[in-house]
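My notes follow in the order in which I went through them.

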Amino acid sequence: MKYLKFSNGDQMPALGLGTWKSAPGEVYKAVIKAIELGYRHFDCAYIYGNEKEIGQAFADAFAAGEVKREDLWITSKLWNNKHREEQVKPAIIHTLDDLKLDYLDLYLIHWPVVVADSTDFPSNKDELISLTVTPLEETWAGMIDVQKSGLSKHIGVSNFNPSHLNALIHGTGVSPEMNQVEMHPYLQQKKLKAYCDEENILMTAYSPLGSGDRPSNRKKDNEPSLLENPVIKTIAEEKSCSTAQVILAWEVNRGTAVIPKSVNEKRLAENLAAAEIDLSAEQMQAIANIDLDYRFIDGSFWCLPGSDYTQEELWG
Ligand code: A2P
């Protein structure tokens, strides 16, 4: 397994288990199986609605002596309706209760978007709060406090563009340690990655396989298929592995973390094994050439008419 190294020397396994879309009822089994297979990095979030089941799986695995808490890297995320500074600590405590943990390894601001307290997802512009009312620096101050209090060892963000990141860095003097974004061969994030590399911000790739199990209202017609891409297929034949493994190996070989979701035993094993596959410089270059700058998760659900949020502002 490759690791991403934080500035204090802590190491995060480069390949972890994603849990978005893993339904309560199936995620318990998936986490138990993943630990048995050797997964040591788990990516969670309040909004996925399954942290209680995941917490039960962790608790049972610890009690059975399968693994120790300190051997796991566990990430979770602050939801958009908890961005005021005083809301951040109660939010992580809620997540820790559900996950049955004393601390997280990494806590992220899930989106640079603020939603009214009364809802998880806005249905009209009045349920979206402008960043001029609740600035990201205010949320970040709450995150810094969470790290100081030991509730999370590390703090970072998700879905942030360079101007959001700049606001935090220049507004507070404390740089996020991680930016988790959608990233795969069709959305290689070359500019954002160059910025994050320059600023010493680590990156994690979500939806690395294109999240084909997204709800239908989050899908467009004629989406390109990552798993069927001919360049990736050719490399899969050369390496005698699956196309999913080529994609995951590409992410790891690029120096980012990657969090494929699966609840299927065979695919859980296949995905973990991908972290051990090395690609040649030619194979890495062939994949570099197929970038489409295509987002499966385009954030349009935040960009409601009349609100401050637009896709241009969101992605920079
Ligand atoms: P399943 O959970 O049944 O394995 P993403 O990580 O981009 O969100 O993608 C998750 C989707 O990809 C899920 O539908 C998941 O299904 C599927 N998936 C996970 N691993 C693989 C794999 N190795 N090959 C093909 N599909 C996979």
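**Ligand surroundings**

I began with the shell around the ligand, which holds 17 residues, and I noted that Ser 211, Lys 261, Ser 262, Arg 267 and Asn 271 are the ones that come nearest. I keep in mind throughout that this is a predicted model.

Sorting the shell by class, I found six nonpolar residues, six polar ones and five charged ones.

For Arg 267, I read a distance of 2.6 Å between a polar side-chain atom and an oxygen atom of the ligand. On the backbone side, a polar atom of Leu 209 is 2.9 Å from a ligand oxygen atom, and a polar backbone atom of Pro 208 is 3.4 Å from an oxygen atom of the ligand. I also looked up the cover: on its own the ligand has 570 Å² of accessible area, of which the protein covers 83%. As to where the ligand sits, I found it in the largest pocket.

**The protein as a whole**

I counted 11 helices and 12 strands in the protein. The radius of gyration is 19 Å, close to the 20 Å that the globule rule gives for 316 residues, so I note the protein as being as compact as a globular protein of that length. Finally, I recorded the span of the C-alpha trace along its principal axes, which is about 55 × 45 × 40 Å.

Notes:
Residues numbered from 1 in each chain as written. Predicted model: local features only at pLDDT ≥ 70, side-chain atom pairs only at ≥ 80, totals over all residues. Heavy atoms only, no water. Near = heavy atom within 4 Å. Polar contact = N/O pair within 3.5 Å; in protein donor to acceptor, adjacent residues only side chain to side chain. Areas by Shrake-Rupley, 256 points an atom, 1.4 Å probe, with all protein chains shown as cover. 1 Å grid on protein atoms, 1.4 Å probe; cavity = no way out; pocket = protein on both sides within 12 Å on 5 of 7 lines; lining within 4 Å. Sits in = over half its atoms within 2 Å of the grid points. Nonpolar A, V, L, I, M, F, W, Y, C, P; charged D, E, K, R; others polar. Helix = DSSP H or I, 4+ residues; strand = E, 2+ residues; numbered from the N terminus. Rg over C-alpha atoms; globule rule 2.2 N^0.38 Å.
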